[in-house]
Amino acid sequence: VNAGNLHTLGIKELVSTGKSDFTGSAPYRITNIKVGVEKMHGILIAPGEEFSFNENVGSIDAANGFVEGYAIVGNRTQLEPGGGICQDSTTLFRAAFYAGLPFTEWHPHRFRISWYEKYDTIGMDATIFTGGGPDLRFVNDTGNWLLIQGYVNDAEASVTFALYGTKVPGRTVERTAPKITNETPAPTKPVYIDDPEIPIGEFKQTDMARGGMEIEIIRIVKQDGKVIRETPFRTKFEAWPNIYLKNPKTPVPPGS
């Protein structure tokens, strides 16, 4: 994009934004968030094109600027390159959601992450994992090019993704309040995972216990006041225990 082709591509106005909070994040996480934003900033999506977060973010490794951090893998949180990148996929998901763009792939997190709820409601997050894992995909159905712009505000610890292009005349987007059902309490029994790198006799907590629930949000896209799409976004957060790493030679505490 440059001054000469900006308007010929139909990039003339702000179409939608998404925002999320990362207050209190560890330095590794902030680094990965900023690298992810940099990878997305300036991407053009052609009319009718399907966008893939995983394809555009590239390899999540040190060569691509990412550092090791904690990420949800399987049934535990563990160190992985790019831990925290889901902050970016969550924020971009919100921008595409409020633009009314059709999603071809979307996956919520397995358990509730409360800091995602500062600038939007519960159930408005998106997880990804490159290398054949979950992806975030949506289609540009606006009839014009879309430009992704990403911003990190260090002062307020926030990420914003903005989609610029041409709004679809007469299109409006609404969503219902989250409908929460099947709430379950957090497990009281902790889980201990053997890790030979943990000193004998020490325990390192990697996951905090939290309750489970099911959430349904319905996005309503209207054209000239008439509903053209009603799409449910359903999340099932698992009840999650306290998880600790320990050396294999360290016994589990009595009563655990």
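**Note on the predicted model**

1. Buried residues make up 44% of the 256 residues in the protein. Buried means under 20% relative accessible area, exposed means over 50%, and partly exposed lies in between (1.4 Å probe, protein chains only). This is a predicted model, in which local features need pLDDT of at least 70 and side-chain atom pairs count only at pLDDT 80 or more, while totals for chains, interfaces and linings use all residues. Residues are numbered from 1 along each chain as its sequence is written, and side-chain values use heavy atoms, with hydrogens and water left out.

2. The protein has three helices and 16 strands. Both are DSSP runs, numbered from the N terminus: helices are H or I with at least four residues, strands are E with at least two. The C-alpha atoms fill a box of roughly 65 × 45 × 35 Å along the principal axes.

3. The largest nonpolar core has 49 residues. Such a core is a set of buried Ala, Val, Leu, Ile, Met, Phe, Trp, Tyr and Cys residues joined through side-chain atoms within 4.5 Å. Met40, Phe51, Phe53, Leu92, Phe93 and Ile148 have the most contacts inside it. Elements that each supply at least two residues include α1 (27-40), α3 (86-98) and β8 (146-153). α3 gives the most, with six residues.

4. Look at Phe51 next. Contact means heavy atoms within 4.5 Å. Leaving aside neighbours within four places in sequence, the contacts of Phe51 include Met40, Leu92, Phe138 and Ile148.

5. Three strands form an open, antiparallel sheet in the order β3-β7-β6. β3 (50-52) and β6 (103-105) stand at the edges with a single partner strand each, so one side of each has no neighbour in the sheet. Two strands pair if DSSP finds at least two bridges between them.

6. α3 lies across β3, β6 and β7, at about 145° to β6. Axes are lines fitted to C-alpha atoms, for helices over the stretch in contact, and angles run from 0 to 180 degrees between N-to-C directions.

7. Asn140 sits in the loop between β7 (137-139) and β8. Asn140 counts as buried because its relative accessibility is 1%. Its side chain reaches the backbone oxygen of Ala46 at 3.1 Å and that of Asn144 at 2.7 Å. Not counting residues up to four places away in sequence, Asn140 also touches others, among them Pro47, Leu101 and Trp145.

How values were computed:
Polar contact = N/O pair within 3.5 Å; in protein donor to acceptor, adjacent residues only side chain to side chain.
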